Amino acid sequence: MSDSDISPQLHSAMSIPEYKQIIQDADNYLNDNFTHVAIDELVKMRSQFFDSLLLHLWQHTDLDNSISLNAIGGYGRQTLHPHSDIDLCLIFDKPLSNHDAAQIGHFFTQLWDIGLELGHSVRGLDEISAACAEDITIATSLLEIRHLAGPSAHAEQVLDTLYEDKIWSGEGFFRAKVDEQTQRHMKARGSAFSLEPNLKNSPGGMRDIQTLIWVARKYFAAADMAALRRFGFFTADEYAELLESQHFIWRTRWALHTAAQRAENRLLIALQSDVARLMGFGDNSNLAIEKMMRQLYRAMRRISELNQMLLQYFDHEILSQPEKPCQILNEHFEIKGRLIYARHDDVFVDRNQLIALFCHIAEHASEIDAIAPQTLRLIRQVRRRLLGDLQDFQQCRKGFVALFKHPEGMGLALSLMHKHGILASYLPQWREIVGQMQFDLYHAYPVDEHTHKLLKNLYALNSKSDDETLTLPSAIFSALENKETLLFAALFHDLAKGRGGDHSELGAVDALQFAKFHDLKPSQAKVIAWLVENHLLLSLSSQRLDIYDPSEVKNLAKTIGTKARLDALYCLTVADIKATNDDLWTNWKATLLRDLYMSIRHALRNGLENVLEQRAIVREHKNEALELLGNSNDTTAQDAIKQLWKRLPLSFFSSAKPQEIAHYSQALIEHGTQDELILIDESYTKGSSDLFVYMKDKPGLFVTLFNTLASLQISVQQANISKTKDGYVVESLKILDYDHQPISTASRRGRIKQKLRQVLFENKCIPKQRKNNQIGSFICEPKVEFLHSRKKDRTLISVTALDNPKFMSHFCQGFRQFDLNIHSARITTVGEQVDNVFLVSDRDGQPLDDESKQALKSFFVDTIKEQHPIA
């Protein structure tokens, strides 16, 4: 072989070593030209080289001229990489003689002997239809058949058969290839963007382009992507973008095969440095890998996006479908056939509509699967022209915040924003971490994909899971008041990676700037920044510290400061670990974090909670409630509110949301603060109903209230009970009906309020409770603890028990029997257990002495053991 010619110099008496040397010379020549010859030329040159070699060997076989030699698959497409299989199909149109069968065996043996990696089949022409009908993989490979030797009519007849609809209709073939792609993507766990992507099978890989080619060939008889451009499916820019992306992946795969010296499709971390060097990214290992991987991820994102767009166009063209109903959302967008469409081509001239589109997707999450191809094309066009950041537009900022507040905002809407580059167009920090590698033993994804998965993991905590390790995190996350605070912290937790310095500290600064720019509350901004700066605290502590050492737990509790921060940090930590590596979240890790969370929570309850932080929240809640009341110009109304609030305890303002404070305050002013009031809100969007009771305090009120609710088959999910300075009780409860659903009908709400009035206000007897046959034996006893109380004349009792209405009746019985005054109560259902914290005093208004504490504790434990023996 000459230095400038890849054609093999062949003769009839060549030995096996000589054949191997010719192949090695060809590989060396191609590899020497890898950096300055177009990759499409290289793969074609390699295919042509093997065409010559195979024809030479074929000519020296003594085969009947009714047998043809054909290239199929990637070899049929003339796209051979260094270690790609050479896929061959021998076709005969009459029964093979023993001599021909032996010659075919000899031919293949020669190919194996000279070191070729083969994919081969031998088929009768009359057998092909049945084989293709039985296996679409066979049909697909033969769709790319290319004649090499023997009767050319064989390949032509195979193509004619496949182009007809007798074996595979255009519609059936399309559906099968789309299903095949979906299954392939699922095996890749829905992401191309692991740190070791599969260049062939991951979303955005070579198979996604081939799927388009296969469908185009079957339905449109298109030889290649250029034909689809002529048909109008591609614009010139899109076609150029697809070719550029395909060529980059081809070059990466060529370098990967060369570095691995085998047919490897996963870009393994161990090979990335060599691959980057071969591709000309330099010898600085990490920097070279970083540059290469960023370009690779960009190419795969482009291919994935164009694949989705083209398949949706094919869907409309190939599948005969009835006219789909249209749901008009506004003057800009509509929904048809589970796709969201722009209603006019100029929709994104108003940049605000880019974010509005994803807000619509969140709002109609159950009705939308994807963005229509026409609209996706408009997004791609405007995305190229974005000169500034989308967050510079005020309406975009409002929409972005609204998206993070929406219950479905982190679902499909977030994934599409990430997939189609809108997050990168919105946040400059996000652009910096797209494809950002993480050179450690733990992370399996680049920073942007890891962060996307983290947000999706938090979103998944809203749903029930069969995974028992997520029971507690799910319960805590569901109870969080301002979930967007945690979600924004998750967004920023790693955005400062790659800049140098501590990414947690730098990210906290970015988060504060973001919060200020987006008009978030000061307390919210403070928590977001704190979470970003401390997002590794629980994870590292569980690995490095003795989490069962009280002094270590105490130090952590002081650092965290409040239960609200602990709850958010715990959820963030769980979601972060799960997003780091699919194999990192284990039962052991879950148990370790759960134990640490419980220990810190106990320490916070025992007097370490930050009082100043709580007072700041109270001030903020009051200011927001005043704004919601909207009576800034009415001094009389303002004075009435201020007088009311002076009477109410701080705990009411810290535990209630601003909307609830405003609502209940307005109701009390209108109803009269000296009168008794019961409210059950009609709205139950948060998964429970709100019950509010305001009345003059009297002995046993707490016990009476809970026993009455139990008699009505109402379960209490959360309760905050406190007293005013002039002897009234304020009770705010989250309740569920007998079917574990919110109180949904006005008549049911009316019956509950009527019964509560009769018992609480008119001193009527409590109805007898129905026996609950679903309650079985308890497998554990309640945990009773006496915590530090800041009030010297009070005792703080914590009782943790399984979530079961029977427990509350025992608590009530104990308080009544020991003649205790309940000054406040906080009840929270967390997963399978209920946490109850009561502030009590004895009949003389004094704290419980040690003897009384022990007697009360024994009563709770013994009573429950007696009525519900432990198995």
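So, domains: the chain splits into five stretches, domain 1 (16-168), domain 2 (189-318), domain 3 (322-426), domain 4 (427-611) and domain 5 (783-866), with bounds that come from an automatic or database domain assignment. Before I go on, this is a predicted model, where local features need pLDDT of at least 70 and side-chain atom pairs count only at pLDDT 80 or more, while totals for chains, interfaces and linings use all residues. Residues are numbered from 1 along each chain as its sequence is written, and side-chain values use heavy atoms, with hydrogens and water left out.

Let's stay with domains 3 and 4 for a moment. Their C-alpha centres are 28 Å apart, and the contact, meaning heavy atoms within 4.5 Å, takes 20 residues from domain 3 and 20 residues from domain 4. How much area is buried between domain 3 and domain 4? About 1,900 Å², with carbon and sulfur atoms giving 65% of that; buried area here is the accessible area (1.4 Å probe) that two parts lose on being put together, summed over both. On the domain 3 side, keep an eye on F404, M410 and H418, because that trio supplies 30% of the area that domain 3 buries against domain 4, more than any other three residues.

Okay, zooming out to the whole chain. The C-alpha atoms fill a box of roughly 115 × 60 × 55 Å along the principal axes. There are 36 helices and 16 strands; those are DSSP runs numbered from the N terminus, helices being H or I with at least four residues and strands E with at least two. Of the 871 residues, 54% count as buried, which is under 20% relative accessible area, with exposed being over 50% and partly exposed in between (1.4 Å probe, protein chains only). And if you take contacts between residues at least 6 apart in sequence, 71% of them join residues at least 24 apart.

Now, the inside. In soluble globular proteins, nonpolar side chains tend to be buried together. What I'm calling a nonpolar core is a set of buried Ala, Val, Leu, Ile, Met, Phe, Trp, Tyr and Cys residues joined through side-chain atoms within 4.5 Å. The largest one here has 184 residues, and those with the most contacts inside it are L54, L88, L111, F314, F358, L458 and I600. Helix α13 (residues 285-318) gives the largest share of this core, 16 residues. Apart from that core there's another one, of 40 residues, including I678, L820, A825 and F860.

Strands count as paired if DSSP finds at least two bridges between them.

On to hairpins. β5 (residues 326-328) and β6 (residues 333-336) are antiparallel over 3 bridges, with 4 residues between them. β6 also pairs antiparallel with β7 (residues 339-342), over 4 bridges, and in that hairpin G337 has a positive phi near 55°. Further along, 8 bridges join β11 (residues 715-723) to β12 (residues 728-736), again antiparallel, and G727 in the turn has a positive phi of about 90°.

Most residues other than glycine have a negative phi, and most peptide bonds are trans. Q78, in the loop between α3 (73-76) and β2, has a positive phi near 65°. Q261 also has a positive phi, about 60°, and is found in the loop between α11 (236-260) and α12 (269-278). Buried or exposed, Q261? Exposed, with a relative accessible area of 55%.
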